[in-house]
Amino acid sequence: MRTAYSVVTVRAAEQELMARLPEGALMQRAAAGLAVACGDLLGRVYGSRVVLLVGSGDNGGDALYAGARLARRGAGVVAVLLTPERAHRGGLAALRRAGGRVSDDALRDIAWADLVVDGIVGIGGRGGLRPEAAQLARAARESALVLAVDLPSGVDADSGEVGGEAVRADATVTFGAYKPGLLIDPARERAGALRLVDIGLTLPEDAEAEALQHADVAELLPRPVAESDKYRRGVVGVVAGSARYPGAAVLAVAGALRGGAGAVRYVGPARDAVLARFPETLVHAGPPDKAGRVQSWVIGPGIGDESEALEDVLASDVPVLVDADGLRLLTPQRIRRRTAETLLTPHAGEAAALLGRGREDVEAARLASVRELAERYAATVLLKGSTTLVAAAGGPVRVNPTGTSWLATAGSGDVLSGLTGSLLAAGLTAYDAGSVGAYLHGLAARRAAGPDGAPITSMEVADHLGAAWRDVTG
């Protein structure tokens, strides 16, 4: 599992470690890892041309010391000092001793470079880049590979927010721990490939954010045993679809069946469309509380203004997932009075409506938005988008690493709802079900799109869920 920590936590761990090490030892550890990453990105160090964009903080010192190491290996290294009077003295002296030089024409040197190292602003930076730095960042992006030191300058380490112009890197080398902003858009897309350099920090068990990996998901996935029957595997009830949107019901049922449910009970007006595609579905005219035994409910995709069914489902004593149209009918009070778990799965527009603000505000502050929703509704919230986030009040936010832009297609959220509902029915908590569901959903979409990427339909995503499951379990 990748775990990410706040700036305050990382700084405290650095201070604790520096008190036990010789002066400068921690920076040398970081510089050594940075130099190795530069060499890997270049492919060949000897004869390569490297430009360092050096700010006034420790990131600038890391870049200078790494540049000295590269210069000793035969690279031509030039430092662009954004604030010459505040550049790290020891690092600058080391670079000069190794044969590096200070630039007298930054744009010319950047145009000459094979690699530009962004050491402008460290993890304590706030807001976008200043005009001079922004001009250099744009020039670097147009001319060379860009490697960021700890995080791309101009992004917020704690939130992933970008308050102006920021470096767009091909790769980022981060030290000691991942920072939440490296995992969450809009900052994540500016970080490129991530590499973590272990510098010996001792960090607390509780992280700010975390991203599951294959092994974590495999451990959480429910598996049938010899005595399993459909109820032990989990029966999920699906309230979805309408005369206008029968396909929403079909897609939600597809996600539930392909997600491992022992059985699916469907309630709604799309009975014929569902049975035509999935004859194993158990159908009922409704209301939901008369449909038979279930271990979870999924409600919302394509239901329109069916408020009576929502009231019926929310009154149940099993976990409930609310998506799409169902979200429009919610109030915090309706969710807070439930005794069983509730999972809300909005996209940015739906989250904005639930919070009473603009969609662009949610997209710019995804981490803060998902946390606020979880607190306000006392529920687990899965915020869909370029980086899907799962939050429950008081815990770390889970960041899904498997998403793909090919999922931006009609009906993909319906498949995710059914899939996640099946995991709820199997006994996973809302937090784990949302995290595992998003992970498998992303893997299935990547499989459907193929290695080079191609347009996909939501049903194709559902059809690849079994393969995604096998990818995780081996």
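1. In this predicted model, strand β2 (residues 49-54) and strand β3 run parallel and are joined by six bridges. Within this pairing, Val54 stands opposite Leu81 of β3.

2. Strand β3 covers residues 76-81, and five of its six residues are buried. The strand is therefore largely enclosed by the rest of the structure.

3. Helix α19 (residues 412-425) packs with helix α20 (residues 430-449) at an angle of about 135 degrees, and their axes lie 9 Å apart. Because of this angle, α19 is oblique to α20. The crossing of the two helices, α19 and α20, is right-handed.

4. Which residues of α19 and α20 meet? From α19 come Ser412, Val415, Leu416, Leu419, Thr420, Leu423 and Leu424. They meet Ala430, Ala433, Gly434, Val436, Gly437, Ala438, Leu440 and His441 of α20. Sorted by class, this contact of α19 with α20 has 10 nonpolar residues, five polar residues and no charged residues.

5. Is Tyr231 buried or partly exposed? The relative accessible area of Tyr231 is 25%, so this residue counts as partly exposed, given that buried means under 20%.

6. When neighbours within four places in sequence are left aside, Tyr231 is in contact with Arg265, Arg293 and Gln295. Ser143 stands 88 residues from Tyr231 along the chain, and the C-alpha atoms of these two residues are separated by 60 Å.

Conventions:
Residues numbered from 1 in each chain as written. Predicted model: local features only at pLDDT ≥ 70, side-chain atom pairs only at ≥ 80, totals over all residues. Heavy atoms only, no water. Buried < 20%, exposed > 50% of the residue type's maximum accessible area, 1.4 Å probe, protein only. Contact = heavy atoms within 4.5 Å. Axes fitted to C-alpha atoms, helices over the stretch in contact; angles between N-to-C directions. Helix = DSSP H or I, 4+ residues; strand = E, 2+ residues; numbered from the N terminus. Parallel < 35°, antiparallel > 145°, perpendicular 65-115°, else oblique. Left-handed = near helix turned anticlockwise from the far one by under 90°. Nonpolar A, V, L, I, M, F, W, Y, C, P; charged D, E, K, R; others polar. Pairing = 2+ DSSP bridges.
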